[in-house]
Amino acid sequence: MRRAVAAADGVRGSTAPNPWVGAVLVTPGGAVHVGATRPAGGLHAEIVALDSAGQAAVGATLYTTLEPCCHHGRTPPCTDAVIEAGVARVVVGMEDPDPLVAGQGLAALRSAGLEVTAGVAAADVADQLESYIHHRRTGRPFVTLKLAATLDGGTAAPDGTSQWITGPEARADGHRLRARCDAVLVGAGTVRADDPELTVRHVQGCNPRRIVLGTAPPGARVHPCRQVSGPLPDVLAELGAEGVVDLLVEGGPTVAGELHRAGLVDHYVVYMAPALFGGGGAAGLFGGPAAATMEELWRGRITAVARLGPDLRVDLRPGPPSRGT
């Protein structure tokens, strides 16, 4: 199962709206065949592993991170293929929360006489598929808000310049975030100010869909892009319906502030540079009104801190901190 989890991790960001799934088939002779979900419309992980094994799949054990599908979508049901291949045992990480599956795949396998074990490394699989689970349960993409600032909270100088606050290591890490997401969203103000490409350039990976909240100027490097407007909950619901599972938001401060105050951010990633503006006038992380009192102060929990060259990456999640200060 650990190997299946690793296979799934290798295709994250390329499978939406399908989940990134890994599968490992072990034949009675001990041969190992590994599969991972291909881009939408392509083979699911279980089928890739079965195809690799061929006739050797008879009597084999199949490990898969997520419950095999049992319905016709762009591809036939994986459960049918597993049964027809003669697999004897299926080990599953977790049940699929998609209402079209939701335990029915496991039931179909058991009804066909296969031995089925579920819940193996379930916590690891659930952590890996966190955004997929969120999408299936809420209809909205999992929102990661990426921010970069000096230690005194500045994101742009009074003259509007902001490149580059962080160093190359932090920027490369930001591109890894892009590569793991289906889409990246920025506000039209950021497009006008910075003219970003929003592509994956510093690491290997797939370019995400580019989405602009508002209207991108003609000739901006973000084109071709999807332009959206309206209340943010409606925008997220619209993107979720289009199959966006993982959404990375890269600003600017107006969009960040609105998402934050609406409680629509699921994961904050803050890059902090060892630099100081040293006074007032610099733009902050969030636009709009701040918490008026200490009682209204938003508090979350830090889940990770990492050093990236001279900078720090701080991962923050909503929810009460373990200890207040």
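Which side chain meets Lys146 in a salt bridge? It is the side chain of Glu250, at 3.1 Å from N to O. A salt bridge here is a side-chain nitrogen of Lys or Arg within 4 Å of a carboxyl oxygen of Asp or Glu.

This is a predicted model, in which local features need pLDDT of at least 70, side-chain atom pairs count only at pLDDT 80 or more, and totals for chains, interfaces and linings use all residues. Residues are numbered from 1 along each chain as its sequence is written, and side-chain values use heavy atoms, with hydrogens and water left out.

Helices (H or I, at least four residues) and strands (E, at least two) are DSSP runs, numbered from the N terminus. Two strands pair if DSSP finds at least two bridges between them.

- Five strands form an open sheet in the order β2-β1-β3-β4-β5, and the pairing is mixed.
- β2 and β5 (115-118) are the edge strands, each with a single partner, so one side of each has no neighbour in the sheet.
- Angles run from 0 to 180 degrees between N-to-C directions, and axes are lines fitted to C-alpha atoms, for helices over the stretch in contact.
- β3 (residues 61-66) and β4 (residues 89-94) run parallel and share five bridges.
- Within this pair, Tyr63 has Val91 in β4 as its bridge partner.
- Helix α4 (residues 104-111) packs on the sheet and touches β4 and β5. Its direction makes about 155° with that of β5.
- Helix α2 lies across β1 (22-26), β2 and β3. The angle between α2 and β2 is about 145°.

**The eight-strand sheet**

- This open sheet has the order β9-β8-β7-β10-β6-β11-β13-β12, with mixed pairing.
- β9 (226-228) and β12 (300-308) stand at the edges. Each has a single partner strand, so one side of each is left without a neighbour in the sheet.
- β8 (residues 209-213) and β9 run parallel, joined by three bridges.
- Which residue of β9 is the bridge partner of Leu213? It is Val228.

**Two buried residues**

Buried means under 20% relative accessible area, exposed means over 50%, and partly exposed is in between (1.4 Å probe, protein chains only). Contact means heavy atoms within 4.5 Å.

- Thr37 sits in the loop between β2 (32-36) and α2 (45-53).
- Thr37 is buried, because its relative accessibility is 4%.
- Beyond its neighbours within four places in sequence, Thr37 contacts several residues, including Val11, Thr15, Pro19 and Trp20. Also among them are Val21, Leu43, His44 and Ala45.
- Ser131 belongs to helix α6 (residues 130-138).
- Is Ser131 buried or exposed? Ser131 is buried, because its relative accessibility is 1%.
- Leaving out residues up to four places away in sequence, Ser131 touches Arg12, Trp20, Phe142, Val245 and Asp246.
- Ser131 and Leu247 are 116 residues apart in sequence. Their C-alpha atoms are 9.1 Å apart in space.

**Salt bridges**

- How many salt bridges does the rule give? The count comes to 16.
- Asp124 and Arg2 form one of them, with their closest N and O atoms 2.0 Å apart.
- Asp124 is in helix α5 (residues 122-128) and Arg2 is in helix α1 (residues 2-9), so the pair ties together parts 122 residues apart in sequence.
- Asp124 is partly exposed, at 35% relative accessible area. Arg2 counts as exposed, at 59%.
- Asp98 forms a salt bridge with Arg136, and the closest N and O atoms are 3.0 Å apart.
- Asp98 lies in the loop between β4 and α4, and Arg136 lies in helix α6, so this pair ties together parts 38 residues apart in sequence.
- Asp98 is buried, with a relative accessible area of 12%.
- Back to the opening pair: Lys146 and Glu250 meet at 3.1 Å, N to O.
- This pair links distant parts of the chain, 104 residues apart. Lys146 is in strand β6 (residues 142-150), while Glu250 is in the loop between β10 (246-249) and α10 (253-261).
- Lys146 is buried at 19% relative accessible area. Glu250 is buried at 16%.
- Asp173, Arg176, Arg313 and Asp315 are linked in a network of salt bridges.
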